[in-house]
There are 2 protein chains.
Amino acid sequence: MRIATHIGVSLDGFLAEADGTPTWDSLPKFDPSTHGYETFMQDVDAIVMGRTCFDQGFEDGWMDGWPWPGKPVLVVTSRPLQSDVPDSVQAARDPAEAVQKLHELGIERDVQLLGGQQAVKAFLDAGLLDRLGIVVLPLVLGRGIPLLPIEPVDFSTERWHARQASDDEPQKPPMMQLEGQETYADGSVRLAYAPTR
Amino acid sequence: MRIATHIGVSLDGFLAEADGTPTWDSLPKFDPSTHGYETFMQDVDAIVMGRTCFDQGFEDGWMDGWPWPGKPVLVVTSRPLQSDVPDSVQAARDPAEAVQKLHELGIERDVQLLGGQQAVKAFLDAGLLDRLGIVVLPLVLGRGIPLLPIEPVDFSTERWHARQASDDEPQKPPMMQLEGQETYADGSVRLAYAPTR
């Protein structure tokens, strides 16, 4: 089983506009056939997502046309689910329990991890994200919801001088491994990385 | 003449760590031969940068080994330059004046625009950036200096509902054109985009 994302990200790192609209929707042309979504979903047998994402979709009309008929959906949440969710939807209290339940369901192929950023971060930090797949979308939003929780800082001469004066060898972050890439007609580029465990 | 960047950016969008250390330096192996820098520089006949970047380098030892012998350097700044800068360094008050001076110097090939984010944004906004070249580096910093000035926001149910209730057709940001790409041994990927004018 492999937990994998397929998330469109702007050049300045946003997976959604400030109002929550996925960055995909900022493309002039986007549908499931254009940016690897269909190919990605061919290997997907279950879905896992955070509660924010679930509530956003659930309140926005998934019930009018459930997107994943026949596929188990795991929602990572600390609160009870709505009473009218389909039988295929289960709650899990954290990424580890979600993965355990997916194993119990007999899932062997891919599981799509839907963003937001909190869910992606939670699986990444727990060492339970197997593939960070992003599609770099060639546009700049300026403001929005980042791929991962981040803290942007401005350049500071004081911090720079402190760094130069320090003898500490900085700790280098782990590198991910590139497992796949694909370029689409509009110049978007899919990059699939395996996080270091 | 073409104003172009070649900037290493982490998967979460940072060109430098919080202390100002370029994200390049977080790679286990990085030198001018490994990530397209040498190739990029073969076409570069002049350099342009913002004042923050210039002061950072100038105070950090460029004078001990000037990196661009024989190449003009333009610094976009509103303040007079240090009195001991080399003769090849000129000040310009904004990107337009920098480009004008580069033309007057007879530059015909590429001009490297060195980050920080303020300089990249200024040239992009002025329509004077010809190529946004980034190298996606497969690591996550969490905190640092972003490629461009950004405003990250959290998902808000209120904003999402307001968006759903609105009849306004959202304005789509312009797409950039993919002009080149290259994959390196460590899984870093160079993407070169031409901004829309």
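In this predicted model, A16(A) stands opposite I145(A), a residue of β9(A).

- On the side of chain B, β9(A) pairs in the parallel sense with strand β10 of that chain, residues 151–152, over two bridges, with G144(A) standing opposite P152(B) of β10(B).
- In general terms, strands of a sheet pair through backbone hydrogen bonds, in either the parallel or the antiparallel sense.

**The interface between chain A and chain B**

- Contact between the chains involves 57 residues of chain A and 57 residues of chain B, and the area buried between them is about 5,100 Å², with carbon and sulfur atoms giving 63% of that area.
- Within chain A, the residues that lose the most area to chain B are L11(A), W160(A) and M175(A), which together account for 13% of what that side buries.
- Polar contact links 24 residue pairs between chain A and chain B, counting pairs in which both residues have pLDDT 80 or more.
- The elements giving two or more residues to the side of chain A that touches chain B include α2 (51–59), β8 (132–137), β9 (143–146), β11 (177–183) and β12 (189–194) of chain A, while α5(A) gives the most to this side, with six residues.
- Sorted by class, the side of chain A that touches chain B holds 30 nonpolar, 15 polar and twelve charged residues.

**Salt bridges**

- Four salt bridges are counted between chain A and chain B, and one such pairing joins the side chains of E151(A) and R143(B), at 3.1 Å from N to O.
- Over all chains, the count of salt bridges comes to 20.
- R2(A) and D110(A) also form a salt bridge, in which the closest N and O atoms are 3.0 Å apart; this pair links distant parts of the chain, since R2(A) lies in strand β1 (residues 2–4) and D110(A) in strand β7 (residues 110–114) of chain A, 108 residues apart.

**How the two copies are related**

- Chain A is superposed on chain B by a rotation of 180° with 0.0 Å of shift along its axis, at an RMSD of 0.0 Å, and the two copies are therefore related as by a two-fold rotation axis.
- The same surface serves both copies, in that 100% of the contact residues of chain A recur in chain B.
- G13(A) comes closest to the rotation axis of the residues of chain A, its C-alpha lying at 2.7 Å.

**The surroundings of L81(A)**

- L81(A) is placed in the loop between β5 (73–76) and β6 (89–92) of chain A, and its C-alpha atom is separated by 6.8 Å from that of A91(A), although the two residues are ten residues apart along the chain.
- Leaving aside residues up to four places away in sequence, L81(A) touches R51(A), F54(A), V75(A), V89(A), Q90(A) and A91(A).

Notes. Residues are numbered from 1 along each chain as its sequence is written. Chains are lettered from A and ligands numbered from 1 in the order in which they are written. This is a predicted model: local features need pLDDT of at least 70, side-chain atom pairs count only at pLDDT 80 or more; totals for chains, interfaces and linings use all residues. Side-chain values use heavy atoms; hydrogens and water are left out. Contact means heavy atoms within 4.5 Å. Buried area is the accessible area (1.4 Å probe) that two parts lose on being put together, summed over both. A polar contact is a pair of N or O atoms within 3.5 Å; within protein, one must be able to donate a hydrogen and the other to accept it, and residues adjacent in sequence count only if both atoms are side-chain atoms. Helices (H or I, at least four residues) and strands (E, at least two) are DSSP runs, numbered from the N terminus. Ala, Val, Leu, Ile, Met, Phe, Trp, Tyr, Cys and Pro count as nonpolar, Asp, Glu, Lys and Arg as charged, and the others, Gly among them, as polar. Two strands pair if DSSP finds at least two bridges between them. Copies are superposed by least squares on the C-alpha atoms of residues with pLDDT of at least 70 in both.
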